[in-house]
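Q: I would like a close look at one part of this structure. Please give the cut-offs as you go.

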Amino acid sequence: MRFPTLSQSNQSMDAITKQLEHVQHLQTQIATGKKIQLASEDPALANRIKDVDTRISRLQGFELNGILAENRTALIAERMQEAMNVTARVEELMIQAQNDTLNNKDRALIAEELRGSLQSMLNCANTQDKEGEYIFSGMNINQPAFIQDGNQYRYQGSQEGTLLPIGENRLMLYGDSGFQLFDGIKLGNGTFSVSADSTNNTGTGVISAGNLTSSSNYVRDDYNIILVMNASGHLAYQLIGTASGQLIPKPPLTTPDDAPVYVAGQTIEFNGMSVQLNGKPNENDVFSITPSKTDNVLNVMQQLIDTLSNPIYSDKDKADFHQQMSEQTASFKQVSNHIQTNLVDIGYREKMIDEQLTWNKDHLMVAQIMSSKLSDVDLGQAISELTQRLTTLEVTQQTYLKIQETYMDLLSR
Amino acid sequence: MSSLFEIGTRSLTATQYALSVTSKNIANANDPFYSRREVILSEAFNSVAGNGMNVAEVRRIFDDITNKNAQKMTSEFGKASAFSANLQTLESLFDGDSNGIAKAMDASVTALNNVNINPASIPSRTLYLHQINNMVTRINGLDSQLTAEQLSINNTIKDDVVKINLSLQQLAQVNASMVGATDTERQELLDTRDALLNSLAEWIGIETRTDDAGILSVNLDNGTPLLSGNTRYALVTSPSQGNPERLDIAVSHPPALIPITGIITRGDIGGRLAYQNNALNDAQNALGRLALGYAQKMNAQNALGIDLNGSLGGMIFQDINTVITTQNRIRPEASNQGVGDLAVVIQDAGQLTTSDYKLTFDTPTHYMLVRQSDNQSMSTGDITSFPQQINVDGFSLNMTSGTFVAGDTYTLSPTKKGARDLNVSLRDASQLALGFPVVATSMSENKGKGQLVLTAMRDTTTPAFSTPKQLNPPIQVVFTSATTFQLINQLDNTVIEDNLIYDPINGADIFPTPAGFDPGFSVYLSGEILPGDAFTLNYNTNGTGDNRNGLAMAKLAQQGTLDHGTLNFDQAYATINSGLSSLAYIAQAMLDSSNTMNKQAQFKRDQISGVSLQEETINLTRFQQAYQASAQIIDAGRQIFDTLISMTRR
């Protein structure tokens, strides 16, 4: 085996260069604090770091949206709570108003207070945010949600709300539609409405708002209860549905003689519904039962104000008043249920946002810890490795010098 | 007596010669291409007692196979180091932290999310537009750096070629000098030749052969001669016809030019060509594909929405299929004899690959289209009439006219210029179409709980959007029973379609209808609906706060839209980036191993031919002693002679 001088010194040089490279690598690691400087040093690790960093930047991207959604929902909840307070006050006033000891002036005063309530409700519905945008107009943020159109209030926003992403695959309602919150409310008892024919009825009978006793037996139809006089001179009633035909008395029984005799306060049950007729109706008086129509909070309140503003002079007026109050109480119950339900929904939404924000925050933290674990160099380890490498480097250099010495020895001989 | 003097003189001369050879070895110990010399001494015979010693020959110690192997390893190392060094540059160019493309993409998504909070806000919209512009500038910038990379490859190859030609010239001179040279001169010429061949091998892969007279010939791997006798054949470079950014290399055998670009696989040039073809081209194509995908998908989404003025959205980015860009995607070879009016039109950027394609005609009418990345034939057929459209991998090759000749070849690069041509054409931020053009409304008189929701915009080029800022016609959905409905034209109350069936339990997408009426959007009906209930679909005339299309855009950025729906924009970029890192990692590993093998091969060569100072020092001592001893022989002869003289004097 020959040891040619040039390759021998080349090899020694290589060994020293390699050691120096290691030292330099460790030096860079310590200086930057990062395990790898270029992805190609360890592509698999680099990919994992990149994945985690992408995740971090994505989660951070939702931070602002989350805060905005939180603020907006808090504002909505606040305004809906106000609306809820208004409905509670209206319900109190409605109970007061039905007290027969009140005179026309008292009722007019209540109507006046209700006008104020209506205004508060309208203010809630037409809430604007800092930028002056109407928060309950859906997409039509530049227009008030509700406007007065003659004696009616009309929703003019969009029926769809606007959405905002607050997490991966998580959209949250941001611009609410006032239609969902204040409009589209089913009147009456929520299934059907009752009314008396106030122009033609001569008696003082009042029909109750009624109940849905069985939704499976419920048949959607327009029904009339017509008071008749039977052969024996007793007031009796028949019930006819526009599509269902005569229901009471049940055919083949016929009116008026087979019709049941009218008893005040008696429950009349048919097709899954029950209503009560009270007071003193006269022959040919008609009471109607129709499927509920939908309307908005403001119109329901306006009708209530109209009812209370009408002065009562006669028993007939009083009966009409009670009839209307009975219907409107039922309808307003729907209004307050509707707002209550929405308030619960919004509360739930607030909780969802809160949870999502916590989720985002937790995952962001986990990702940041992960990123640091993956990419940050362990300084203690790196420094001790550097010390070790430097020792090896010295030994390598010493070895080279020793080999040189042997040759010098040879020459000096 | 005379023999004593003769022996002494001869061995003195021989030893002196041996000493000079040893000194020469010592002097050249640090020349890596010097092959050590060995002095062979032999007995000189011409009388009974002998005539002492002669220098029989001075041998130049080398092993042809070991030398060739070292040369080969030098070529491999040259390739690996060029490849690895270039890839490291490319990797750092693509590194997301330094060029900021990944950050700019993230920032644009964040800006879009902010616009979606407040779609009416001009400042938010403008900020988003700025962010897109910033991203585009960075992508353009990276692309121009890639083009500069190509230029630097070209320059290096040109330099290499100059050096190769010079070396070949010198080798030819060595060949010429070999004739009639003395042995010593020949040996020195061989050392020079070894050095020249080694540097030649560093730049390009070669095969060498030496004839009996010691004349060297040099061939390329495929046998193309570069040097034969005293004639050298120079390499020349010229811009490639199919791809003018690149260089073609040829050997000049006057009057012919033999193209050799395809067969250079080793040496520095081999490494640079491999980098150009496998890494740089792919990276530029992949970046181009990302740009094309971004432009096409965002443009398509913007076209589905309405802007702040209520008009349908236009293009955010410049059209990816302008006449010039489609024509630039295809290039004829210089050798083509036919001509054709051809264009490459991107149909669906989501289906594009990062490969180039080759179109060849084997007869004047029969063509073959081959994908370069895997050499797969994508389409073959006959061109008998015009226009022709060949659809492949998300693009179409459109032939408007042409006469072709067998052998005509075209290079198709559908994606290469994508990043260069990416350009934001939208100037007015209010023209970002963040809303949907249609609103669904349920009539306030409705008794049921049904809901009609616009779920997606699919197409705004339908007749439904033919009149600006109007739905044509505005549609009313009217329920005739709980499970049937009709569509009515609100303008003239005519029935568009009757007796449509509605399933209240599962809800229903009502477009397209069974009779095929499709206005270009999807609406979903759900909930219990009662007879007489109605819904309307109108143009969104007041949707300043509408962010539905903005949300769709944000979703698009996260969704897989590229490479057959597997990559979103971020991922597409990260994939290029990590692909290059892996490639750089492999290149480094290859460099390490070829470095080791190269060193081993050099070591083997040095083992045979390299000078060992220890050895030579010992030889020096040995020959010194022999010289002194030889001098003693002469001295002894002289003393004998003196003794003889003094004896006769007496």
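Is B:Phe521 buried or exposed, and what is its relative accessible area?

A: B:Phe521 is buried, with a relative accessible area of 0%; buried means under 20%, exposed over 50% and partly exposed in between, using a 1.4 Å probe and protein chains only. The model is predicted, so local features need pLDDT of at least 70 and side-chain atom pairs pLDDT 80 or more, whereas totals for chains, interfaces and linings use all residues. Residues are numbered from 1 along each chain as its sequence is written, chains are lettered from A and ligands numbered from 1 in the order in which they are written, and side-chain values use heavy atoms, leaving out hydrogens and water.

The ring of B:Phe521 pairs with that of B:Phe511: the centres are 5.6 Å apart and the planes at 85°, so the pair is edge-to-face. Rings of Phe, Tyr and Trp (its six-membered ring) pair if their centres lie within 6.5 Å, with planes under 30 degrees apart counted as stacked, over 60 as edge-to-face and the rest as tilted. B:Phe521 lies in strand β24 (521-526) of chain B and B:Phe511 in the loop between β23 (508-509) and β24, so the pair ties together parts 10 residues apart in sequence. Helices (H or I, at least four residues) and strands (E, at least two) are DSSP runs, numbered from the N terminus. B:Phe511 also counts as buried, at 4% relative accessibility.

Over all chains there are 17 aromatic pairs. In chain A, ring pairs link A:Phe136, A:Phe146, A:Tyr155, A:Phe179 and A:Phe182 into a cluster.

Elsewhere in chain B, B:Val478 is part of strand β20 (residues 475-479) and counts as buried at 17% relative accessibility. Leaving aside residues up to four places away in sequence, B:Val478 touches B:Thr484, B:Phe485, B:Gln486, B:Ile488, B:Asp533 and B:Ala534, where contact means heavy atoms within 4.5 Å.

Chain B also meets chain A. That contact takes 49 residues from chain A and 60 residues from chain B. The area buried between the two chains is about 4,600 Å², of which carbon and sulfur atoms give 51%; buried area is the accessible area (1.4 Å probe) that two parts lose on being put together, summed over both. The rule finds 3 salt bridges across the interface, a salt bridge being a side-chain nitrogen of Lys or Arg within 4 Å of a carboxyl oxygen of Asp or Glu. The side chains of A:Glu160 and B:Arg548 meet in a salt bridge at 3.2 Å, N to O.
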